[in-house]
Amino acid sequence: MARVTVEDCIDKVENRFELVLLAGHRARLISSGQPLTIDRDNDKNPVVALREIADEAVSPDDLKEDLIHSLQKYVEVDEPEAEAVPALAGTAGAPEDDGSVAFDRMTEEDLLRGLEGLVPPAETDDED
């Protein structure tokens, strides 16, 4: 019975490998408790999943999106864009009302002077 179902599904999902991935994912969803969209007829979960795809009871595109979402470790959340923060009034040398943001700049000499002032960590004598 599964062979005929696979041949029926090729019309809906042209790539056989993708069909296997989608049917396997749907079978796992059925095993985890998702409701069936067709009668079971004493079939196992993979056959039921293939019959659902063949009967277009579930959309292959929806299954593909759900499979991709289940495999992602980081899901990007659409957040609203942050509004531009106005520059603080009264900053010395910063042009006002042009919307540009001024950053502090550090020269290489200032950086080296700052690094020279750091104290290295104390060395310990471990003579075991």
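Buried means under 20% relative accessible area, exposed over 50%, and partly exposed in between (1.4 Å probe, protein chains only). This is a predicted model, in which local features need pLDDT of at least 70 and side-chain atom pairs count only at pLDDT 80 or more, while totals for chains, interfaces and linings use all residues. Residues are numbered from 1 along each chain as its sequence is written, and side-chain values use heavy atoms, with hydrogens and water left out.

**View 1. Overall fold of the protein chain.** The chain has five helices and zero strands. Helices (H or I, at least four residues) and strands (E, at least two) are DSSP runs, numbered from the N terminus. Along the sequence the pattern reads α-α-α-α-α. Of the 128 residues, 20% are buried.

View 2. Aspartate 41 is exposed, at 52% relative accessible area. Its phi is positive, about 50 degrees, although it is not a glycine. Most residues other than glycine have a negative phi.

**View 3. Asparagine 42 in the loop between H2 and H3.** Asparagine 42 sits in this loop. Its phi is positive, about 60 degrees, and it is not a glycine. Asparagine 42 is exposed, with 76% relative accessibility.

View 4. Methionine 106 is exposed, with a relative accessible area of 58%.
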